[in-house]
Amino acid sequence: MTIRVLIADDQEMVRAGFSMILNAQPDIEVIADVPNGADALRYARELRPDVCLLDIRMPEIDGLEVTRRLAGPGVVDPLKVVIVTTFDLDEYVASALAGGASGFLLKDAGPALLVEAIKAAVRGDALVSPQITVRLLKHFNAPAKSTVRQPADALTDREVDVVREVARGCTNTEIGTELFMSLSTVKTHLAAVQQKLGVRNRVEIAAWAWRSGMMADD
């Protein structure tokens with residue numbers, strides 16, 4: 001399967017660089033690159049790319065608003081969005097992920113991470129630049145545990161272990177190594193957790209863990 005990507009960034013050199021990196025991949029094709037948020041919305045809705053790469057600061061409509069309109073809560077048939085920006089402010093990251101983004105990268109993250117973020121989004125996973133992952137997740141730590149929705153079907157002890165590792169920013173492979181599980185078992189637990197919590201990806205799982213107070217001792 002070829003992954004179809006739309007790029008939206010107001011800098012032509014950035015769009016050209018991303019296009020060159022992605023088109024060099026055998027299973028990725030850039031189907032459009034646009035310089036502003038209004039065009040990003042229009043082309044995304046017309047072309048239905050598999051993944052939209054969006055900058056935050058763009059003319060007409062910023063990337064956070066574009067994300068909300070394409071992938072936010074309540075959007076029918078949402079698209080996958082990955083934010084790629086030079087700004088790693090916590091409020092930007094939190095707003096992007098709350099708005100439905102499937103990833104958040106800095107522009108200096110490198111080609112390999114850019115490609116992996118796109119593939120993670122297609123898989124229904126989420127990838128955040130390593131340098132901001134734990135800082136971001138700690139931002140969600142909330143003192144009022146009672147305000148966080150608890151699942152009707154309680155997590156098992158093993159699912160709690162997996163959630164803790166996700167909240168620490170571990171990959172599935174790292175979780176398997178730490179908890180002595182096969183990769184398929186880790187994925188099974190993650191799928192069960194997502195269903196119980198009513199979340200879409202591992203970033204939302206991690207955010208729930210920090211908000212619920214589960215990571216208070218970390």
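1. The protein has 10 helices and six strands, and since the coordinates come from a predicted model, the points below describe that prediction. Of the 218 residues of the protein, 49% count as buried. Among the contacts in the protein with a separation of 6 or more, 65% are accounted for by residues 24 or more positions apart.

2. The six strands form an open sheet with parallel pairing, and reading across the sheet gives the order β2-β1-β3-β4-β5-β6. The edge strands are β2, covering residues 28-34, and β6, covering residues 127-128, each of which pairs on one side only.

3. Strand β1 spans residues 3-8 and runs parallel to β2, to which it is joined by six bridges. Within this pairing, I3 has I28 of β2 as its bridge partner, while L6 stands opposite A32 in β2. Strand β1 is also mostly covered, five of its six residues being buried.

4. Two helices deserve attention for how they lie on the sheet. Helix α1, made up of residues 12-23, packs on the sheet and touches β1, β2, β3 (51-54) and β4 (80-85), and its direction makes about 165 degrees with that of β2. Helix α3, made up of residues 63-71, lies across β3 and β4 and runs at about 170 degrees to β4.

5. A separate point concerns the packing of two helices against each other, namely α7 (residues 157-167) and α8 (residues 172-179), whose axes are 10 Å apart and which pack at an angle of about 130 degrees. The crossing in which α7 passes α8 is right-handed.

6. Which residues make up the contact of α7 with α8? On the α7 side they are R158, D161, V162, E165 and V166, and these meet I175, E178 and L179 in α8. By class, the residues of this contact divide into four nonpolar and four charged, with no polar ones.

Methods: Residues are numbered from 1 along each chain as its sequence is written. This is a predicted model: local features need pLDDT of at least 70, side-chain atom pairs count only at pLDDT 80 or more; totals for chains, interfaces and linings use all residues. Side-chain values use heavy atoms; hydrogens and water are left out. Axes are lines fitted to C-alpha atoms, for helices over the stretch in contact, and angles run from 0 to 180 degrees between N-to-C directions. Helices (H or I, at least four residues) and strands (E, at least two) are DSSP runs, numbered from the N terminus. A crossing is left-handed if the near helix is turned anticlockwise from the far one by less than a right angle, and right-handed if clockwise. Contact means heavy atoms within 4.5 Å. Ala, Val, Leu, Ile, Met, Phe, Trp, Tyr, Cys and Pro count as nonpolar, Asp, Glu, Lys and Arg as charged, and the others, Gly among them, as polar. Two strands pair if DSSP finds at least two bridges between them. Buried means under 20% relative accessible area, exposed over 50%, partly exposed in between (1.4 Å probe, protein chains only).
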